[in-house]
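Morning, everyone. I have one structure for you today, and I'll keep it short.

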Amino acid sequence: MAVREILKMGDARLLRVAQPVTGFDTDALHLLISDLFDTMAAANGAGLAAPQIGVDLQLVIFGTNQINPRYPDAPLVPRTVLLNPVLTPLGDEQEEGWEGCLSVPGLRGMVPRYTRIHYRGFDQYGDPIERTVGGFHARVVQHECDHLIGKLYPMRVRDFTQFGYTEVLFPGLDASDD
Ligand code: NI
């Protein structure tokens, strides 16, 4: 159990296409996931991808089982470990929403995401996960899985008049961990 260093935008390791996980339910995998949860909790994140701590694997965690001070208005998303994910948009509809990222501290941007998606993958034991989701849940999954293809949310921002410092855009928000 350890809080790991989160890589920041500019680090080339964030730009890699991650490798699939091939071994499930191993000690090394459980330790890595434990570290990811510790690191996400310490930073009040809503999600974290293995590449953000320099691990080149298709592994993301996310979930907001309690109110997150960084996203106080966000609906709850079940705590999830997702390996080798495959995302499929359901329809063409997209919606804009504010995003932040622990690898891009201090900033928020307006990012278009598919409103509804289907996703599938595996948990840490190799059991399949399959869900159809919308709204904030769909946004979080798209954001985290983007980390597995070397994409950070600023690369998705279309309108740079809606990209800026959290403390300026949202005065009073607890952004101490941004
Ligand atoms: Ni992120």
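Two strands count as paired if DSSP finds at least two bridges between them. E4 and E5 are joined by six bridges, and they run antiparallel. Keep in mind that this is a predicted model.

One of those contacts by name: Trp98 has Met110 in E5 as its bridge partner. Now widen the view. E4 and E5 belong to an open sheet of three strands, ordered E4-E5-E8, with antiparallel pairing. E4 and E8 are the edge strands; each has a single partner, so one side of each lacks a neighbour in the sheet. On average, neighbouring strands here are turned by 25 degrees against each other, direction ignored.

Next, the metal. Which residues coordinate the nickel ion? Cys101 through SG, and His143 and His147 through NE2, at 2.1 to 2.3 Å. Along the chain, the donor spacing reads C-x41-H-x3-H. Distant parts of the chain are linked here: Cys101 sits in the loop between E4 and E5, and His147 in the loop between H2 and E8, 46 residues apart. Both Cys101 and His147 are buried.

Last, the largest pocket. Its volume is about 390 Å³. Twenty residues line it, and Leu87, Gln142, Asp146, Ile149 and Arg156 are the closest to its centre. Where does the lining come from? E3, E5 and H2 each supply at least two residues. E3 gives the most, with five. By class, the lining has twelve nonpolar, four polar and four charged residues.

That's the tour. Over to you.

How values were computed
Residues are numbered from 1 along each chain as its sequence is written. This is a predicted model: local features need pLDDT of at least 70, side-chain atom pairs count only at pLDDT 80 or more; totals for chains, interfaces and linings use all residues. Side-chain values use heavy atoms; hydrogens and water are left out. On a 1 Å grid over the protein atoms alone, a cavity is a set of points where a 1.4 Å probe fits but cannot get out, and a pocket is an open set with protein on both sides within 12 Å along at least five of seven lines; lining residues have an atom within 4 Å of a point. Grid points are joined across faces, edges and corners, and a volume is the space filled by probe spheres set on the points. Helices (H or I, at least four residues) and strands (E, at least two) are DSSP runs, numbered from the N terminus. Ala, Val, Leu, Ile, Met, Phe, Trp, Tyr, Cys and Pro count as nonpolar, Asp, Glu, Lys and Arg as charged, and the others, Gly among them, as polar. Donors are N, O and S atoms within 2.8 Å of the metal (3.2 Å for Na, K and Ca); water is not among the atoms, so sites may look incomplete. Buried means under 20% relative accessible area, exposed over 50%, partly exposed in between (1.4 Å probe, protein chains only). Axes are lines fitted to C-alpha atoms, for helices over the stretch in contact, and angles run from 0 to 180 degrees between N-to-C directions.
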